[in-house]
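Q: Could you walk me through this structure? I'd like to go piece by piece.

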Amino acid sequence: MAKPNKETLLDWYRQMVLIRRFEERCAELYQQGLIGGFLHLYIGQEATGVGAVAALGPNDHVITAYRDHGIALARGVDPNRAMAEMMGKRTGVSGGKGGSMHLADRALHMWGGYGIVGGHLPLAAGIALKMKYLEEDGVVLALMGDGSTNIGYFHESLNLSAVWDLPVVWLIENNQYGMGTAVERASGAKELIRRAMAYSSEDGSGMKMGPRVDGMDVLAVYDAVSEAAEYARKHGPVLVESLTYRLEGHSMGDPQRYRTKEEVESFVVSGPIGRFRHYLTETYKGVEKALDKLDAEALQTIDDAVEFAKSSDNPTYEDLISHVYVD
Ligand SMILES: Cc1ncc(C[n+]2csc(CCOP(=O)(O)OP(=O)(O)O)c2C)c(N)n1
Ligand SMILES: [Mg+2]
């Protein structure tokens with residue numbers, strides 16, 4: 001596993017701040033009616049997305065659920081085109097046809113977000129099967145919410161990945177709630193990682209049970225996913241669980257009666273960006289200036305992205321009827 005140097009760590013910080021600013025701006029634009037449909041913010045989970053995607057190379061593939069903006073930006077999706085997609089513009093990364101839940105970019109092997117809980121997991125297995133069949137290098141990083149672990153697709157996909165030794169890192173983003181339902185109210189196993197045992201054998205074959213990692217610590221997530229990806233490339237699937245927290249509601253307009261303000265506040269205090277900033281300032285003397293510069297640049301990047309999106313055209317009628325069938 002490559003140990004990240006200072007430059008890399010600063011880039012992770014840049015990504016995390018960029019994601020946070022992107023999300024905050026999306027919330028404003030939603031309230032102004034410039035973003036429609038549903039909007040699920042990633043605020044609080046940035047360390048998981050950035051750390052996990054940083055563990056991948058360009059040949060690897062990424063697929064996730066509907067809380068996808070942070071993953072897409074971490075994978076390198078252009079913020080202008082991501083913002084344009086949010087506003088349904090034709091310059092959007094999915095041509096304005098997908099919106100918030102479907103930020104996909106084929107060139108980056110970013111297969112997007114999916115609105116059906118767990119619905120993307122068979123696709124993850126399929127991408128991995130194709131790679132194995134064609135003897136291509138690479139792994140699939142399949143991110144999912146804790147809620148998807150109670151869905152049939154989860155079990156079917158994990159089982160087949162173990163049967164066929166597919167190169168998949170299954171990464172559960174356990175943010176402690178599926179909509180308003182706490183994990184322990186919906187799952188027989190509190191440690192979701194234990195689900196891996198259902199697809200593994202005593203002789204060590206089948207699915208590997210990866211770590212339960214502190215998902216608020218970008219370095220810990222990076223280490224865990226790097227190790228898992230290394231294993232998946234050689235042997236087969238791994239299940240990793242990242243313990244994180246979403247600081248905003250499930251989607252915009254969630255009254256959040258299922259948790260207390262004090263609970264949320266306790267996670268704000270230990271939030272991933274502040275924690276990482278603290279780590280960086282403790283590790284590298286005088287780094288504050290560089291971090292402040294990255295903060296300012298992130299704001300500017302988002303301002304530019306909003307400008308780009310606002311001044312982009314809406315899709316045309318021809319756009320509407322294109323990409324329905326493969327030519
Ligand atoms: C198959 C299916 N059932 C129900 C829903 C409604 N629904 C949307 S999000 C959600 C909660 C999923 O929670 P989780 O997987 O933990 O993801 P998180 O929102 O926490 O990121 C549900 C039940 C859905 N979209 N698809
Ligand atoms: Mg959840």
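Q: Let's start with His 61: which residue in S2 does it stand opposite?
A: In this predicted model, His 61 stands opposite Val 140 in S2.

Q: And how do S1 and S2 pair there?
A: S1 and S2, the latter covering residues 140-145, pair in the parallel sense over 3 bridges.

Q: What does Val 140 partner with in S3?
A: The bridge partner of Val 140 in S3 is Val 168, and S2 is joined to S3, again running parallel, by 6 bridges.

Q: What is the strand order in the whole sheet?
A: The sheet is open and built from 5 strands in the order S1-S2-S3-S7-S6, with parallel pairing. At the edges are S1 (61-63) and S6 (208-214), each of which pairs on one side only, and the twist averages 20° from one strand to the next.

Q: Back to S3: is that strand enclosed or open to the outside?
A: S3 is largely enclosed by the rest of the structure, because 7 of its 7 residues are buried.

Q: Which of its residues point which way?
A: Val 168, Trp 170, Ile 172 and Asn 174 point one way from S3, whereas Val 169, Leu 171 and Glu 173 point the other way, and all of them are buried. In a regular strand the side chains alternate between the two faces of the sheet.

Q: Switching to helices, which strands does H8 touch?
A: Helix H8 (residues 218-234) packs on the sheet and touches S3 (168-174), S6 and S7 (238-243), and its direction makes about 170° with that of S6.

Q: How does H2 pack against H8?
A: H2, which spans residues 46-54, packs with H8 at an angle of about 40°, the axes being 7 Å apart, and H2 passes H8 in a right-handed crossing.

Q: What sort of residues make that contact?
A: From H2 the contact includes Ala 47, Val 50 and Gly 51, which along with others meet a group in H8 that includes Leu 219, Tyr 222 and Val 225. By class, the residues of this contact divide into 9 nonpolar, 2 polar and no charged.

Q: What about the ligand, which residues come nearest?
A: Of the 14 residues around ligand 1, Val 117, Gly 145, Asp 146, Gly 147 and Gly 178 come nearest, and the shell as a whole has 5 nonpolar, 7 polar and 2 charged residues.

Q: Last one: is Gly 274 buried or exposed?
A: Gly 274, placed in helix H10 (residues 272-283), counts as exposed because it has 12 C-beta neighbours inside 10 Å.

Terms used. Residues numbered from 1 in each chain as written. Chains lettered and ligands numbered in written order. Predicted model: local features only at pLDDT ≥ 70, side-chain atom pairs only at ≥ 80, totals over all residues. Near = placed C-beta within 6 Å. Nonpolar A, V, L, I, M, F, W, Y, C, P; charged D, E, K, R; others polar. Pairing = 2+ DSSP bridges. Helix = DSSP H or I, 4+ residues; strand = E, 2+ residues; numbered from the N terminus. Axes fitted to C-alpha atoms, helices over the stretch in contact; angles between N-to-C directions. Contact = placed C-beta atoms within 7 Å. Left-handed = near helix turned anticlockwise from the far one by under 90°. Buried ≥ 20, exposed ≤ 12 C-beta atoms within 10 Å, placed from the backbone.
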